[in-house]
Amino acid sequence: PIVLYTFLRLITDHNRPVFDELRGREVGLCVDLLRNRFADCMVIGRDLVRLLQDVARLEPFEDIWRDLLGRPSVFGANFGGVTQLMSTRTPRVFLQSRLSPDMETHVSFVLKQVKIAAGHKAIVALMNAHPVVQELACRKLATYSWRASIMVKVAEAGGIDAVLAAMNAHPRSAAMQEQACRALKSLAVSGANTVRMTKAGGIEAIVAAMKANPGSAPVQERACEALACLSASAENKVNVALAGGIEAVMAAMKAHRGSAGVQVQACWALAIVADSEEHEVRVSEAGVIGAVVEAMNAHRTSAVVQQAAFQALAKIANRQAEDIVKLGGIKAVVSAMNAHRGSAAVQAEACATVALLSCAAEGKVKVALAGGIDAIIAAMDAHRRSAGVQEKACAALANVAGADKHEVQGAVAKG
């Protein structure tokens with residue numbers, strides 16, 4: 001019945017000569033369904049009568065109308081004719097997927113031209129009434145992540161529920177899930193919105209999107225980004241872990257090793273979610289450290305991957321520095337320093353990570369063997385005017401040498 005409902009509408013749109021062949025095939029399909037599957041099509045109800053009126057002047061449908069009015073029994077022994085169809089209300093599943101050409105024009109105008117500050121209620125209403133525009137609506141919401149006040153109003157108007165409903169309705173639509181995750185990330189701009197989203201099942205919806213679309217790098221990237229935004233509070237770190245978020249992020253990293261975008265957002269998500277004493281065992285069992293180190297080695301030339309990985313290692317190092325050292329973390333950090341000598345940001349964050357890891361058992365030795373001391377000194381020489389690099393490098397040298405940071409700074413000042 002969905003096929004008949006859809007193609008009867010398309011026939012009226014394809015009224016130009018260029019569509020004659022296509023329209024002929026559409027007419028043939030619809031007539032065949034009416035003649036041979038009418039019992040299934042009856043569920044459309046009264047809207048079927050309206051659709052058939054729209055195409056009544058086409059010859060094949062003239063015959064259909066003659067039989068409906070004069071010989072209804074040819075469609076089934078129990079069929080009572082047009083009166084029966086008119087007494088049957090059309091189910092919402094049909095109506096919500098139908099947009100007239102005029103309505104499509106209006107919807108397109110609202111979603112593309114109307115500013116969300118003025119039309120946020122209209123956009124949410126459109127999402128609830130017409131599922132066919134949900135992807136475009138989510139895309140619209142995602143573009144306003146920088147307007148926190150507007151996103152709060154969108155949430156109050158039911159925007160979060162509308163986005164989650166769209167995700168639940170189209171679980172395997174990668175395009176839909178990608179834009180929905182972007183929208184949820186944009187909506188998670190305030191504590192109130194985050195709480196509202198968590199209570200509505202936002203975390204579970206994001207993890208479900210990742211599991212349902214494992215082969216889509218865009219979905220995995222945007223989902224990791226959304227999980228990171230939702231994990232700001234200690235409570236949500238736990239919620240993400242309980243929902244299988246850590247394992248989902250790990251699966252994304254393994255499935256998309258070659259995607260720098262996925263690796264960056266995955267590392268950021270792990271940096272936030274894994275920063276909890278309660279997750280130490282889960283982090284170890286999931287192989288988080290190994291995955292982060294692998295990402296660094298696979299994307300050595302990407303500064304953004306290295307920086308995101310530094311953040312993840314730094315958070316994990318607070319409790320599991322020895323594990324990072326054993327799994328090659330120091331060597332990966334030093335390699336990143338050598339590959340990005342000109343980046344002050346990379347050098348500063350790398351030095352901070354080395355300072356943390358050198359406190360682990362065998363950490364100082366591993367730093368020296370990996371050429372870490374030379375890399376730190378090279379960073380200081382290359383970025384003499386960067387206070388951040390100088391401070392973090394001195395702290396790293398102090399830890400490696402077993403000296404006080406201020407003593408190292410004094411020695412450096414003397415040359």
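This is a predicted model: local features need pLDDT of at least 70, side-chain atom pairs count only at pLDDT 80 or more; totals for chains, interfaces and linings use all residues.
## Salt bridges

The structure holds 13 salt bridges. One of them joins the side chains of Arg50 and Asp47, at 2.9 Å from N to O. Both residues belong to helix H4 (residues 46–54), where they sit 3 residues apart, about one turn of the helix. Arg50 is partly exposed at 28% relative accessibility, whereas Asp47 is buried at 10%. There is also a network of salt bridges, which links Arg35, Asp67 and Arg71.

Lys185 and Glu225 meet through their side chains in a salt bridge of 3.7 Å, N to O. This pair connects distant parts of the chain, with Lys185 in helix H13 (residues 174–187) and Glu225 in helix H16 (residues 217–230), 40 residues apart. Glu225 is buried, with a relative accessible area of 15%. Glu225 is also in contact with Gln265, a residue of helix H19 that is itself buried at 17%.

## Around helix H21

Helix H21 (residues 288–298) has several buried residues, among them Val288, Ile289 and Met296. Their cover includes helices H18, H19, H20, H22 and H23.

Glu294 forms a salt bridge with Arg257, with the closest N and O atoms 2.5 Å apart. Glu294 lies in H21 and Arg257 in the loop between H18 and H19, so the pair ties together parts that are 37 residues apart in sequence.

Technical notes: Residues are numbered from 1 along each chain as its sequence is written. Side-chain values use heavy atoms; hydrogens and water are left out. Buried means under 20% relative accessible area, exposed over 50%, partly exposed in between (1.4 Å probe, protein chains only). Helices (H or I, at least four residues) and strands (E, at least two) are DSSP runs, numbered from the N terminus. Contact means heavy atoms within 4.5 Å. A salt bridge is a side-chain nitrogen of Lys or Arg within 4 Å of a carboxyl oxygen of Asp or Glu. Lists of a residue's contacts leave out its neighbours within four places in sequence.
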